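The sequence and the model are shown first, and the discussion follows.

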Amino acid sequence: MTKKILVISSDHTGHGHKSIAEALKEKIGLDSNIDICVVDGFALGGTSLLKIGKSYGPITRFSGQLWNAIWHFSAMNSVLVDKFIQVMIRNNFLDLLNKVKPDFILSIHPNFNGSIINILRKEDIQIPFGTLIADLVNIYPLWADPRADFILSPTNEAKEKCIEFGVPEEKIKVVGFPVRERFLKNTNNKKNEKSSINFLMMSGGEGVGNMSVIAEELLEHFDCTVSIIAGRNEELKLELESSLKGRFGERAQIYGFVTNIQDLMQAADVGILRGSPNVMFEAVATNLPIIITGALPGQEKDNPWFAEKHNLGVFCQNRTNLSSIIEELLANNGERLASIVESQKNFINKHAADEILKLVIDAEKEDYVPVKKKRFSIAYALNK
């Protein structure tokens with residue numbers, strides 16, 4: 001009998017939630033006994049809530065301070081956020097349940113955990129509900145609702161935060177960060193006999209940061225090529241082409257939003273990027289040593305520390321230190337680079353998506369659902 005999983009994600013608040021959903025869908029595609037329905041939680045709230053979701057990109061691109069304020073407000077007022085979203089999504093969410101009839105619900109966005117649990121409990125709908133955390137270290141209470149049947153954590157650091165927020169340890173499973181299959185098929189032989197080094201610069205889906213200045217420093221001080229991904233930021237892409245192509249020609253390659261990022265990562269020797277969780281783990285999966293030059297305030301604040309703690313890369317807190325950091329990485333025939341690659345190979349869980357799906361399916365067991373399901377009292381709930 002086919003099992004149906006309803007995944008609550010987001011199409012507009014960064015690319016990480018979408019990439020996680022895609023990684024799960026790839027695995028489910030190999031199993032005819034599992035069906036998955038992925039929906040944008042913000043769309044469930046209609047036009048008003050969808051506008052809030054779409055504001056994430058412009059805010060994080062142009063005002064880190066404003067995003068920091070929003071993040072901390074949400075962290076301090078999680079109950080208020082849950083109730084607000086509960087009211088916004090209730091009717092559409094119940095309609096969705098009636099249509100999909102899921103056996104399990106998995107949320108991969110913090111804004112919909114408490115709100116969905118509120119709805120399920122109020123309407124006495126007994127469907128196993130779990131959370132898959134999409135941040136690494138600095139999570140906030142919206143991720144850690146102790147009423148969830150289970151919480152899947154990508155790291156031990158995020159697990160410890162959940163425990164601090166009151167989640168029983170037995171409800172938390174550390175599973176790693178699910179990465180799409182194409183990032184896991186690296187050939188491990190990209191370090192050929194070439195004399196120049198290939199840098200890959202990127203800043204997540206939105207394309208942020210002073211990439212032009214960093215690229216100029218690299219091209220002026222090293223025998224290298226620099227590939228730059230500006231993301232969806234068309235203005236940044238034009239600016240980079242204007243400032244770099246005339247001076248450096250083919251040594252500077254400028255891209256907008258790309259769908260073959262795995263190929264660019266596998267062709268690169270060093271990645272220079274923002275501390276975005278999914279980008280970091282995709283780089284780790286392709287054995288690409290990373291230099292983190294910045295992170296969003298709030299949820300990404302501690303990601304550079306995380307990378308250095310596990311020897312997955314290094315943190316360049318001050319741009320003036322970038323050249324010296326690179327020189328250290330390249331010293332002794334790239335000894336430090338080789339050390340980072342080895343740590344990455346040992347760290348990444350290539351089976352994270354498989355393990356997540358198994359844990360979700362197992363959520364139907366008595367350990368997770370102490371009350372007999374009354375799943376489809378939904379029609380009654382809609383008429384109340």
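## An opening case: N332

Is N332 buried or exposed? The model considered here is a predicted one, and in it N332 has a relative accessible area of 63%, so it is exposed, the cut-off for that class being over 50%. The residue belongs to helix α13, which covers residues 322-347. N332 is not a glycine, yet its phi is positive, at about 55°.

As background, most residues other than glycine have a negative phi. K101 is another non-glycine residue with a positive phi, here of about 50°. K101 is placed in the loop between α5 and β3, and it counts as partly exposed because its relative accessibility is 39%, a value that falls between the limits of 20% and 50%.

## Overall architecture

The protein chain contains 15 helices and 12 strands. It has 384 residues, and 55% of them count as buried. Its accessible surface amounts to about 16,900 Å², with carbon and sulfur atoms accounting for 50% of that area.

Of the contacts between residues at least 6 apart in sequence, 69% join residues that are at least 24 apart. Eight aromatic pairs are found in the structure. Ring pairs also link F177, F281, F306 and F347 into a cluster.

## The largest pocket

The largest pocket has a volume of about 750 Å³. Its lining comprises 40 residues, and those nearest the centre are T13, Y56, W67, H109 and N111. By class, the lining divides into 20 nonpolar, 16 polar and four charged residues.

At least two residues each come from α1 (16-28), α2 (46-54), α3 (56-62), α4 (64-76), α5 (78-100) and α11 (277-285). The largest share is that of α4, which supplies five residues.

Helix α14 spans residues 352-362, and its buried residues are A352, A353, I356, L357, L359, V360 and D362. In general terms, an α-helix has 3.6 residues a turn, so residues three or four places apart point the same way. The elements covering the buried residues of α14 include the strands β1 (3-9), β3 (104-107), β4 (129-132), β5 (150-153) and β6 (172-174), together with helix α1.

One cavity of 30 Å³ or more is counted, and the largest cavity holds about 30 Å³ of space. Its lining consists of P178, V179, L184, N349, K350, A352 and A353. Two of these lining residues, A352 and A353, are also listed among the buried residues of α14. The lining of this cavity has five nonpolar residues, one polar residue and one charged residue.

I89 lies in helix α5. With a relative accessibility of 0%, I89 counts as buried, since that class takes in values under 20%. Beyond its neighbours up to four places away in sequence, I89 touches G41, L44, G45, L49, F112, S115, I116 and I119.

I117 is found in helix α6, residues 113-122, and is buried because its relative accessible area is 4%. Once neighbours within four places in sequence are set aside, its contacts are F129, D145, R147 and A148. From C-alpha to C-alpha, I117 is 9.6 Å from G130, a residue 13 places away in sequence.

What does E282 touch beyond its neighbours in sequence? Not counting residues up to four places away, the answer is S19, V179, R180, F183 and M265. E282 is a residue of helix α11, the helix that supplies at least two residues of the lining of the largest pocket. At 4% relative accessibility, E282 counts as buried. Its contact V179 is also one of the residues that line the largest cavity.

Note on methods. Residues numbered from 1 in each chain as written. Predicted model: local features only at pLDDT ≥ 70, side-chain atom pairs only at ≥ 80, totals over all residues. Heavy atoms only, no water. Helix = DSSP H or I, 4+ residues; strand = E, 2+ residues; numbered from the N terminus. Buried < 20%, exposed > 50% of the residue type's maximum accessible area, 1.4 Å probe, protein only. Contact = heavy atoms within 4.5 Å. Areas by Shrake-Rupley, 256 points an atom, 1.4 Å probe, with all protein chains shown as cover. Phe/Tyr/Trp six-rings, centres within 6.5 Å; stacked < 30°, edge-to-face > 60°. 1 Å grid on protein atoms, 1.4 Å probe; cavity = no way out; pocket = protein on both sides within 12 Å on 5 of 7 lines; lining within 4 Å. Points joined across faces, edges and corners; volume = space filled by probe spheres on them. Nonpolar A, V, L, I, M, F, W, Y, C, P; charged D, E, K, R; others polar.
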